Structure formats: structure tokens, C-alpha cells
2 protein chains.
Amino acid sequence: MMASDILVSEVGPRDGLQSIKTVMPTEAKKAWIAAEAAAGVREIEVGSFVPAKLLPQLADTAEIVAFARGIAGLTVAVLVPNLRGAQAAISAKAHKLTLPLSVSESHSMANLRRTHAQVIEEARGIAAAIAELPEEDRPHFEGSLSTVFGCTIEGAIPQGQILRLAEQLMEAGCDEVGLSDTTGYADPASVKAMIRAVRGAVGDDAVTGIHLHNTRGLGLANVLAALDAGLETVDSSLGGIGGCPFAPGASGNIVTEDLVFMLQAMGLKTGIDLPRLLEVRGIVADALPGEPLYGFTPDAGLPLGFIPEKTNARLEAAE
Amino acid sequence: MMASDILVSEVGPRDGLQSIKTVMPTEAKKAWIAAEAAAGVREIEVGSFVPAKLLPQLADTAEIVAFARGIAGLTVAVLVPNLRGAQAAISAKAHKLTLPLSVSESHSMANLRRTHAQVIEEARGIAAAIAELPEEDRPHFEGSLSTVFGCTIEGAIPQGQILRLAEQLMEAGCDEVGLSDTTGYADPASVKAMIRAVRGAVGDDAVTGIHLHNTRGLGLANVLAALDAGLETVDSSLGGIGGCPFAPGASGNIVTEDLVFMLQAMGLKTGIDLPRLLEVRGIVADALPGEPLYGFTPDAGLPLGFIPEKTNARLEAAE
């Protein structure tokens, strides 16, 4: 296990909020993002540049990006479904753009009504638009391979197809490709195998992050496998909100609080103040009345004598 | 990761039932144990030989052991708090006896009103009682180190103290020592370090199993670390019942269904028929009205095209 920094990338304000019906007020989103950044979270996906009629929950994304850009040290990430969304993200000066590409073409057609070739074409257009900017203004551009561990329509996707799409995204001009377990089908062995295969195709530097779900309870075990395989960026959602939960009580996204507890207990550095992070739940809970928040660590509390970010610190201190 | 068999040791009928107030009828326990054995579970901790007034839920342990002994291929395990309980377990012909020893002396005094020296003395007495039996009748005798990753009274326990107790249990005549994360304080790094340290003290063959909790959501990640460190037996509870949950919604024990899903998805052999295992939940739910059952896999279902016990089978099949 590596001892270097792990980047916890909070996706709640985008992935979380788009999956639930309650519309969070803009001011509450700002309070959430500010509080989480103040707790030490260094990257937050704050919204998505999709038509407001499709996702009214995220209609204020431009305003949220402008606000978040004012927070020193925070990487402001957004999701963009196409070139049009990317242009809006560029105008708003987001630091990072993520374009999803479902490796299952059936899933891509069902969700975005686009073939693989069409999504790759959008990627090419976005890369060209970014290339026109002065170098210091260019956002980081990630192509995210979704349903990479299988899809509810097609089941497992042939690895050759996944690797070809990863290569095409990089050739189209992406800075990196992400891996996304949209359906919660991943397990620790397939996580390691997939990271190895995609890195083999496009290079280690082009694969640094992963978006895992907790649909079948394996979220943190899969994170452990991803870290073992060398990744350093992990997506999660405060309170585990969002991420297509299958059933009441079944969280979709990995819970940021539990993830940070695990990393810190293992002695890995996250830069996050865990007690302050736990306090952010109150902001989210107040702004989403009636929505369940997930997570075990918030209920259980920290272990007696817990010393964050120092491996076995408690055990050594007890000698 | 090893490809050999993993033994999933079901502790629900003991650890699960002792933690909840509802008393499960004896016939329901038998139906549960029979159904889980029929699904392929090879070891079940079926009860505890403690005074009935302390744990009325487990007062029928002798009858349950006799019943479970009639199931071919099943290892019938019981918890024994002392020599007196071990004598009852021996009379009932249990295959495996587990004596807990809390490595935190404060915890040991609070829970069992016994010092470490007194528990070691009980271990010695139990080993002597076993040695008097004909060789073919001798049960396997495990000393289980509880609160090994820290205790809610003392916090972290000095490793030297843990290793000394492990050695004393083996010297007293235990066949092996188990590790138990009673408080849910473990993380993947400390799990690996603890296994390495205790194996170093008493030998690899004397440490084969671990009892982990999911108190802070790290249960399956900790299992992964334990398997990586070479263990082959993992305790869990059907529906995650029991195991001192801290709060509503916070499961204590690892959920057998999620554990088996993870192992099989990774290509590890468990001998368990997962769809049949999932059906056992109905028996437990019917017999414990009002008690919550935990687990993600039962709600989410198995992935489309899931092929158990073959690593990346779905991915390869999709080629």
C-alpha cells in the first residue's frame, strides 16, 4: 500500500443531488461546498452542465462554479455530457471537465441517446475547444468510462471494447480516462484487473482515479483494491447520497465519511479534518429534509484514541 | 490473493441471536441451521454454553448442538465462557469450542468478571478435559483474542500484551488463537499488521481465522486485508444480525450474503450456493419479526451474467 497522498474527490453536489428529487437551494449548496473545502477536501464535482429541464436540481451549476472558484486551493470539477456543456463549463472557468462514455453502447443509447462514435466525436470537439484557450486557462479533461464493470442491459462488456474506447478517448484529446462502476458490479479482483488492463492500453499516467459504488456493500473493499493497484484518486459522496441506489437502505455512492476514516486509519494522508467533515453532514441533512444519509462511521464515532493519518498509531502509542 | 478455499463461518445463531432481545424458537433455529448447511455453509457457531438466566436466547444450545451434529459435513461450533461451559459442550459433542479472552483486562473484568490469569486458567482446564477424551472425540479448541484492535474502555492495547496472551493461550493447550475486532476499530492496515504479529508469536498454523465487525463500514475491506495476509476462515452473520451495533442502521457483524458475494465475485471458492443462501434470509426474517436484517447484495441482487467462483468470469465470457 502506498503512503502517498490520496485525493478524495467529493461528487455529492453533482452525482448525489442529480439522483434525488429534492432540489437543494443554491445557498445550501454553497454552504456545503465551502464547509467541505474548509474541512480539507481538495476536489469537488460541483455540478453538471446539462439542460435545466432535464436536471432542475443542477440548473444553478454556473453560479455554483463561480462561487467554488473563489475557494483557494479547491479543484472545481463538473460533468459535461457534450461539447455544448463543455463550452458552458469553459465559460464558467471550471478546473476539470468530465465527459462520461458508457462502454456499453446499449446503455449509452438508453441514457444519452448517443453511439460510441458520437461520444468520441464530442470528446474531440471538447479537446479542440480547450486547445484554443491560453494554456493557463485550459481545464483538465477526463473521459470517464462508465459501466466498465458491466451493465444492467448487456452484462459484462468485452475488455477489447473497453480498451479500444479508452484509446479513442485519449486520441480524441482527453488528458486521462476514469473508471466508473456505474452499476455496482465491481469486486476487488476485477478492479485490479481492469486498472491493470486500461493502464496497459493508455499508460499509467492516463489512469489515476476511480468512481466506485457501494451497491452490493463492496465499495470500500474495492477502494482498497484500487489503491493496491496504484490509483490515488477516489470519488465518494458525503452521506453516500446518490449513485442509483437499488432499494431503500442500499446506498449507491461510497460514503465520504467512511472512506476518509478508512484511509486515515490506514495511515494514508488525505489532508482532511475528519471531525470537521462529519460536521458537514448537518448542512446536507438540513438542506435535504426527508432524504436518508448513509454511513457507518458517523453513527459509530471515531475509535477511542484515534490518531488520524498515522498507521497503527494507536497500537504503537499503546506500547 | 490466494485461490484456495475460504471457510465462511456463520456465527448468526450464536453471536447474532445473543445480541438481540427476541428469542428465536428452537425449531426456527434448526430450520435456519439446516437451510444454511444445505446452501453449502460448512461451519456454524450454533450457540453458547452460558447460564440460561444470562442469555435466555441461547438456553436451547445443547438441543441445537445435538440437532446440528446430525447434519453431514457440518462443523458445529459453540462458544464457551469457562470450563463449566466447555464440559457441557463436550457432553453435547460439539466439534469446536471457542473461549473468548479479551486482551483488554478492563473489558474482561467488565464483561466476564475475570482477570487474564483467570481466563488462561480456564483454558488450561478445558484443554485438560479435552485431553482426557479418546482422540477421535476431541473437539478443536480455539482461544479467541477479543478487543484485539482496541477497546472502548482502554483504547489500543499494547501489542506486547496481545502477543503474550496469544502465547499463553497456546501454552495452556489451545489448538489455535482467533482474532476478534469486537469494537469495530480495525482497518485494513492494522488487520495485516496484527495477523503478521500474532502469527510471528505463535506460528502461522495457529492463526487461521478472524472475526471482524462492520461497525464503521470497513468490514469487507478488512476481510480483503485478512485474506491478503493469508487467513482462510472468516466469521459473518446472516443478515448481519448481532455484533453490538452502535446505532439503528449500523450493522455490527459482517453480512454473510455480502461476504459470500465478494468472495465468489473474486473467484474464490466457498462451496456455497449464493442464491440458496439468499433464500435463508426468509427463515430468519420470519422468526425474528421486527428485527432489521442488513446487507446490500440481497437488495441489489446478483449482477447480470454473474458466474460465481470464477475470477473475471463475466469479463472473459464477454470477450
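## Salt bridges in chain A

Over all chains of this predicted model, a search of the whole structure finds 22 salt bridges. Select Glu63(A) and Lys30(A) to see one of them: their closest N and O atoms are 2.8 Å apart. This pair links distant parts of the chain, with Glu63(A) in helix H3 (residues 61-69) and Lys30(A) in helix H2 (residues 26-38), 33 residues apart. Glu63(A) is partly exposed at 41% relative accessibility, whereas Lys30(A) is buried at 14%.

Next, select Glu121(A) and Arg124(A), whose side chains meet in a salt bridge of 2.7 Å, N to O. Both lie in helix H6 (residues 116-131) of chain A, 3 residues apart, about one turn of the helix. An α-helix has 3.6 residues a turn, so residues three or four places apart point the same way. Glu121(A) is partly exposed, with a relative accessible area of 46%, and Arg124(A) is partly exposed at 41%.

Go on to Arg281(A) and Glu257(A), a salt bridge with an N to O distance of 2.7 Å. Here again distant parts of the chain are linked: Arg281(A) belongs to helix H11 (residues 274-287) and Glu257(A) to helix H10 (residues 256-265), 24 residues apart. Are these two partners buried or exposed? Arg281(A) is buried at 14% relative accessible area, and Glu257(A) is buried at 0%. Then select Arg14(A), Asp15(A) and Glu45(A), which are joined into one network by salt bridges that share partners.

Move to chain B and select helix H3 (residues 61-69), where Thr61(B), Ile64(B), Val65(B) and Ala68(B) are buried. They cover an arc of only 100° around the axis and therefore lie on the same side of H3(B).

## Last stops

Select Ala287(B), in helix H11 (residues 274-287) of chain B. Ala287(B) is buried, with a relative accessible area of 14%. Leaving aside neighbours within four places in sequence, its contacts are Met24(B), Pro25(B) and Ala28(B).

Finish at Lys93(A), in the loop between helix H4 (83-91) and strand S4 (96-102). Phi of Lys93(A) is near 70°. Most residues other than glycine have a negative phi. Lys93(A) is partly exposed, at 49% relative accessible area.

How values were computed:
Residues are numbered from 1 along each chain as its sequence is written. Chains are lettered from A and ligands numbered from 1 in the order in which they are written. This is a predicted model: local features need pLDDT of at least 70, side-chain atom pairs count only at pLDDT 80 or more; totals for chains, interfaces and linings use all residues. Side-chain values use heavy atoms; hydrogens and water are left out. Helices (H or I, at least four residues) and strands (E, at least two) are DSSP runs, numbered from the N terminus. Buried means under 20% relative accessible area, exposed over 50%, partly exposed in between (1.4 Å probe, protein chains only). Contact means heavy atoms within 4.5 Å. The arc is that of the directions from the helix axis to the C-beta atoms. A salt bridge is a side-chain nitrogen of Lys or Arg within 4 Å of a carboxyl oxygen of Asp or Glu.
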